[in-house]
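Subject: Handing over a structure, with notes

Dear colleague,

I am passing this structure on to you, together with some notes on what was found in it. Please have it open as you read.

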Amino acid sequence: MKKTLVLASLIAATAAFAPVSVSYADDTALRICEYVAANDKNRLRSFLKQRKLKLRKIFNDINCNGQNLLVFSATNNALEVGEFVIGKTPAKVVAANMEEIAKHSAHLAEEAKARIE
């Protein structure tokens with residue numbers, strides 16, 4: 001009886017001090033969106049490398065303000081990051097987003113056109 005009471009109180013104490021964690025995926029997506037908005041290609045690359053993430057694999061899962069990374073970079077005039085994202089995503093994905101990219105950035109539209117060809 002005494003062992004179960006001590007064990008129960010130990011479990012309760014451990015649960016009371018357990019840290020509350022923010023979802024890893026949400027934090028990662030937020031960081032990536034911040035780097036795209038700031039047009040900070042170097043920090044984006046190092047962040048992806050630290051987390052061992054490939055842009056091709058996470059591209060479909062991340063939306064910034066309801067837009068994918070290509071359109072978001074064009075909207076925010078993040079030319080360096082936009083060129084990086086265009087180079088790392090499949091040509092089919094770039095072709096599918098060509099119209100939206102062209103609306104917001106002529107430079108990135110040219111880069112996307114060169115990637116498709």
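This is a predicted model: local features need pLDDT of at least 70, side-chain atom pairs count only at pLDDT 80 or more; totals for chains, interfaces and linings use all residues.

Residues are numbered from 1 along each chain as its sequence is written, and side-chain values use heavy atoms, with hydrogens and water left out.

Overall make-up

The protein has nine helices and zero strands, where helices (H or I, at least four residues) and strands (E, at least two) are DSSP runs numbered from the N terminus. Read from the N terminus, the order of elements is α-α-α-α-α-α-α-α-α. Of its 117 residues, 31% count as buried; here buried means under 20% relative accessible area, exposed means over 50%, and partly exposed lies in between, with a 1.4 Å probe and protein chains only. The protein exposes about 8000 Å², of which carbon and sulfur atoms supply 55%; these areas come from the Shrake-Rupley method with a 1.4 Å probe, and for residues only the protein chains shown count as cover. As for contacts, meaning heavy atoms within 4.5 Å, residues 24 or more positions apart account for 62% of those with a separation of 6 or more.

Salt bridges

Side chains of opposite charge can pair when their charged atoms come close. With a salt bridge taken as a side-chain nitrogen of Lys or Arg within 4 Å of a carboxyl oxygen of Asp or Glu, the count comes to two. One of them joins Asp 40 and Arg 43, with an N to O distance of 4.0 Å; Asp 40 is partly exposed at 22% relative accessible area, and Arg 43 is partly exposed at 47%. Glu 100 and Lys 103 also form a salt bridge, their closest N and O atoms being 3.1 Å apart. Glu 100 and Lys 103 are three residues apart in helix 8 (residues 98-104), so about one helical turn separates them. Glu 100 is partly exposed, with a relative accessible area of 31%, whereas Lys 103 counts as exposed at 57%.

Charged patches

Patches are made of residues with over 30% relative accessible area and no salt bridge, with like charges joined within 9 Å and nonpolar side chains (Val, Leu, Ile, Met, Phe, Trp, Tyr) joined within 5 Å. Lys and Arg count as positive and Asp and Glu as negative, while His and the chain ends are not counted; the place of a charge is taken as NZ of Lys, CZ of Arg, CG of Asp or CD of Glu.

Which residues gather in a patch of negative charge on the surface? They are Glu 80, Glu 83, Glu 110 and Glu 111, and the elements that give two or more residues to this negative patch are helix 6 (79-88) and helix 9 (106-116). Glu 80, which lies in helix 6, counts as partly exposed at 46% relative accessibility.

A patch of positive charge on the surface brings together Arg 45, Lys 49, Lys 54, Arg 56, Lys 57 and Lys 88, with helix 3 (41-50) and helix 4 (55-58) as the elements that give two or more residues to it. Lys 49 is placed in helix 3 and is exposed, with a relative accessible area of 68%.

Two residues and their contacts

Ser 73, in helix 5 (residues 69-75), is buried with a relative accessible area of 0%. Leaving aside residues up to four places away in sequence, Ser 73 touches Val 36, Ala 78, Gly 82 and Leu 108.

Ile 116 lies in helix 9 and counts as partly exposed at 36% relative accessibility. Ile 116 and Ala 95 are 21 residues apart in sequence, and their C-alpha atoms are 6.3 Å apart in space.

Backbone points in the loops

Asn 65 has a positive phi of about 55° although it is not a glycine; this residue is found in the loop between helix 4 and helix 5 and is exposed at 71% relative accessible area. Asn 77, not a glycine either, has a positive phi of about 55°; Asn 77 sits in the loop between helix 5 and helix 6, where its relative accessible area of 52% makes it exposed.
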